[in-house]
Amino acid sequence: MTTLATTPASRRRRAASFLYRRPRLQLALLLGAPLFWLVVAYLGSLAVLLVSAFWTYSAATDTINTKPSLDNFVEIIQSATYRTITLRTVGMAVLVTLTTAVLAFPIAYYMARVASRRVRNMLVVAVLLPLWASYVVKVYAWRIILSDQGILNWALRPFGIQGPGYGDVALWIVFTYLWLPYMILPIFAGLERIPQSVIEASGDLGGRSAQTFRRVILPLAFPAVVAGSIFTFSLTLGDYIAPSLITSTQFLGNVIAGKLGPAGDVQFAAALGTIPVVVMLVYLAAARRLGAFEAL
Amino acid sequence: MIRGINSKRGWALLSAVVLVAGGCGASSTPAPGTPSPSLPAAATPSPAPGTPQAAATQAPTIAATPVPTEGSTVPPSSEPSPTEVASSGPQASGMPTQLGPGEGAVKILAWPGYVEDGSTDPTVDWVTKFQEDTGCTVTFDVFGTSDEAFNLFKAGDYDLISASGDASGRLVDGGYVAPVNVDLVPNYADVVGALKDQPYNTFGGVHYGIPHGRGANLLMWRTDVVTTPPPHWSAVFDPASPYAGKVTGYDAPIYIADAAVVLMQTKPDLGITNPYELDANQFAAAVDLAKQQRPLISEYWSDYTKEISSFENQDSVIGTTWQIITNLLKAEKPPVPVKAIKPEEGSTGWSDTWMLSSKSAHPNCAYMYMNYEVSPPVQAAVAEWFGEAPANLKACDLTTDPNHCKIFHAQEDGYWNNVYYWRTPTVDCGDGRGSVCTGFDDWLNAWTDIKG
Amino acid sequence: MISRWALRIMTSVIVAFIYIPIVVIVLYAFNQNRVPSWPPPGLSLKWFQAAAQNRGVLDAFTASIGAALGAMTIALVLGSLAAIAVARYRFFGRETISFLVILPIALPGIVTGIALKATFSEGGIPLGLVTVVVGHATFCIVVVYNNVIARLRRSSRSLEEASMDLGADSFQTFRRVTFPQIRTALLAGALLAFALSFDEIIVTTFTAGGVKTLPLWIFQNYKLANQAPIVNVAAVVAILLSMIPVYLAQRLAGAEGATRA
């Protein structure tokens with residue numbers, strides 16, 4: 001039953017059938033905008049940055065030399081300082097990821113599988129709420145807690161022990177604190193997705209609860225843990241604000257920011273920036289293999 | 001609604017188009033955030049500060065000339081530039097000979113404490129009166145180090161900057177600031193002679209700014225923790241210091257000069273006469289000393305609120321400071337017991353100059369502000385708030401503490417003989433040794449190594 | 001294995017850990033002194049008053065909310081488009097899309113920030129609220145994408161096919177069948193995108209130009225010995241304001257969330 005009238009409804013139908021017969025066009029229309037944004041705008045700007053990493057800047061003469069050269073990279077590789085800083089940063093990222101995973105798992109498990117519906121909703125809100133307190137303010141709050149005459153030392157004084165004070169240990173604590181919600185939420189979602197029937201089946205097959213946990217729940221939740229770790233790892237790798245306030249040692253983010261701000265050396269900063277990018281790309285590839293992308 | 005689309009050719013084509021489109025944007029155009037164009041191949045190093053570069057060789061762009069309103073014949077301050085253009089920011093072609101009416105606004109980049117409008121402390125405010133008198137609304141930003149200042153000024157649209165000697169040379173070399181006609185700043189006449197025509201504010205005989213004031217970096221300690229007053233800077237560089245882990249230092253490469261000052265006293269055979277002119281040997285020694293100090297450091301500071309909270313909470317008990325920080329600590333409730341001195345061997349310090357942007361959009365308001373800030377009542381207020389020696393000695397009669405100028409040695413030239421004002425280290429030593437000194441790039445790199 | 005009680009205790013300890021700094025923040029919003037030291041010498045409401053009159057913080061709030069709304073909207077559109085394409089179609093390069101979408105949030109913010117800033121300068125685009133929105137939207141796409149694609153994978157295609165069998169065209173099907181299914185996923189994604197954008201500081205530092213979003217204002221104001229406790233006041237207000245949408249979103253998402261069966 002075709003009609004020659006051109007009402008809006010019939011125009012829409014004609015457009016819909018036109019598209020239906022051309023799936024490629026339909027797909028292109030769907031993907032066009034996101035791809036343009038991500039590939040041209042985002043990847044494009046990363047490319048611009050990468051190009052400038054091959055240029056060199058001299059602060060003394062305030063000039064940029066656009067003859068492509070590997071000078072920046074050579075300097076980074078040869079310098080023991082940058083090696084130390086990179087190792088320190090990656091090491092911190094690994095430590096922080098481990099600690100957040102260990103702390104997040106119990107609470108996520110409780111929320112997902114043990115708590116009543118009401119308690120679960122309250123806990124989700126409780127975990128989400130601190131995300132709205134500004135990150136900078138939270139770091140400054142930790143400065144008050146960790147300072148020599150601060151809250152932690154005051155609480156520990158009756159026991160005769162001293163807190164860590166400012167330094168890398170303190171930074172580890174602060175990072176763990178800051179990124180904890182980013183680990184709790186994916187693990188919670190992952191644990192929630194495990195069907196109860198699977199757990200019951202495990203029990204039916206003779207597994208005690210410890211075995212069920214180790215052999216059924218953990219492996220099923222692991223992709224979610226890896227998914228959360230993407231955030232904790234990446235956030236630690238690039239952060240410069242918390243390190244500048246909590247410790248005096250330098251991390252990758254500090255040196256990159258230092259080259260940008262005070263030194264005005266965007267080119268060297270770009271070259272330094274390739275380090276965390278490469279590390280994250282490797283990490284992402286590993287995470288994808290472990291199934292983390294489905295668990296986000 | 002599952003569709004199978006497996007045309008690899010189609011996708012390859014699409015991705016190729018997209019990547020080419022992105023790649024075109026990334027073609028070798030000059031790097032972002034820099035004045036273009038950049039030099040081809042080898043960049044020639046710029047000559048030592050003192051030679052205005054490119055000041056007059058560029059044709060002025062329209063936005064660049066500070067536009068005086070009427071009747072100004074503007075002879076360009078023509079110094080033939082002997083070297084290539086280092087970087088061509090828009091240049092002023094010359095100085096106005098007459099001030100027009102204010103443009104209604106002025107944007108300032110200043111050391112924290114130099115521009116106060118009551119928001120830090122309601123009783124400390126000299127900006128409001130300026131706004132009322134001239135109709136120029138003041139917006140300002142602050143910075144922690146000269147390096148930050150240099151890069152912020154380059155990238156922003158400020159009219160004025162309070163530049164220490166380790167920024168002023170670079171600003172002039174880069175063409176970011178314009179010569180200043182001191183005849184349009186009546187209060188300049190009253191500036192103390194020791195601050196006029198100095199290498200950090202006058203280049204090739206041309207004035208590039210109005211002196212603001214000067215001060216020394218001081219050694220501060222908590223009197224309740226550090227019971228024996230330290231007489232020398234070596235106290236904060238001593239590996240056996242009882243305050244290890246609670247020492248603080250200034251967070252900028254120029255701090256290496258403070259190590260050099262210590263060496264001037266402890267290792268005279270190194271032959272250091274000026275802590276910014278260090279040949280390879282002297283520089284290595286200074287860097288080693290700074291690295292030796294590193295384990296003693298609790299944290300470095302560049303914004304003074306960090307040092308205030310550090311001393312208040314006893315995370316630091318001794319280290320480099322500015323007088324304003326000491327004053328604020330003593331004004332806390334309850335006051336923090338601190339004392340600050342300039343050790344007898346001398347100290348690094350700063351002598352600051354108000355400089356005008358070469359692309360200032362509000363030059364008249366800028367000139368008015370410079371004149372205002374160098375006027376006796378404002379000089380008195382700033383000098384007391386920040387804790388420095390004012391440039392305009394007429395302020396000495398107006399300070400709340402009648403002894404202020406005496407305490408800060410504003411008229412005592414001898415005091416300043418061993419205060420080494422910040423300046424940008426250059427390869428050219430500036431003395432008989434020639435071009436064997438370490439330049440600022442090396443200082444920057446060394447600083448990253450020192451902080452570790 | 002681990003008793004419920006042990007789990008309860010662990011959970012409480014962790015919740016306490018999460019909230020102690022928040023309590024500190026709230027406490028110091030009432031600090032009498034400007035510089036925070038422990039213990040606070042006295043309490044006062046003066047900073048709340050000062051905050052209410054401070055143009056800077058009010059403008060910063062508005063800027064942040066505006067940027068977050070903009071970023072959220074763009075992320076909603078782009079994220080759902082990409083999610084629908086990946087969930088409902090098969091094509092070459094499909095797995096790469098997930099990788100591409102997560103890249104902006106997985107790469108360190110400082111790299112994204114300087115890359116965008118470099119591109120904006122080169123393209124002659126002045127830095128301001130628009131560039132902030134662009135930066136935020138880029139890494140917010142992934143949260144919408146993930147939520148929507150998870151929902152689409154769970155929901156059955158047969159419903160859509162049935163709808164078309166009954167005579168609806170693709171637009172009608174989307175509006176009446178697909179969209180209601182993903183509505184709460186969109187909401188959850190939108191809320192998370194808003195939160196991410198609202199609190200973002202690193203990418204914003206490089207793309208903001210002169211605009212001060214709330215995190216930027218907070219960071220700069222800590223450095224001026226100004227009225228640092230106003231910053232704490234701002235944080236307290238932000239937490240309080242956020243309780244409403246967070247709670248609502250949780251109710252809605254929970255109502256349609258996966259159950260354990």
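A residue is called buried when its relative accessible area is under 20%, exposed when that area is over 50%, and partly exposed in between, using a 1.4 Å probe and protein chains only. The model on your screen is predicted, and local features need pLDDT of at least 70, side-chain atom pairs count only at pLDDT 80 or more, while totals for chains, interfaces and linings use all residues. Residues are numbered from 1 along each chain as its sequence is written, chains are lettered from A in the order in which they are written, and side-chain values use heavy atoms, with hydrogens and water left out.

**Second stop: where chains A and C meet**

Now show chains A and C together, where 91 residues of chain C are in contact with 94 residues of chain A, contact meaning heavy atoms within 4.5 Å. Select A:Arg12 and C:Asp169, whose side chains meet in a salt bridge with N and O 3.2 Å apart; the term stands for a side-chain nitrogen of Lys or Arg within 4 Å of a carboxyl oxygen of Asp or Glu. Next colour helix H1 (residues 4-28) of chain C, which with 16 residues gives the most to the side of chain C that touches chain A.

Select A:Asp148 and B:Lys246, which form a salt bridge whose closest N and O atoms are 2.9 Å apart. A:Asp148 sits in the loop between helices H6 (135-146) and H7 (151-156) of chain A, and B:Lys246 in the loop between strands S9 (218-222) and S10 (247-248) of chain B, so this pair joins two chains. A:Asp148 is buried, at 16% relative accessible area, whereas B:Lys246 counts as partly exposed at 23%.

**Last stop: inside chain B**

Finish with B:Asp147 and B:Arg170, a salt bridge with its closest N and O atoms 2.7 Å apart. This pair links distant parts of the chain, helix H3 (residues 146-155) and helix H4 (residues 165-173), with the two residues 23 residues apart, and both B:Asp147 and B:Arg170 are buried.

Technical notes: Helices (H or I, at least four residues) and strands (E, at least two) are DSSP runs, numbered from the N terminus.
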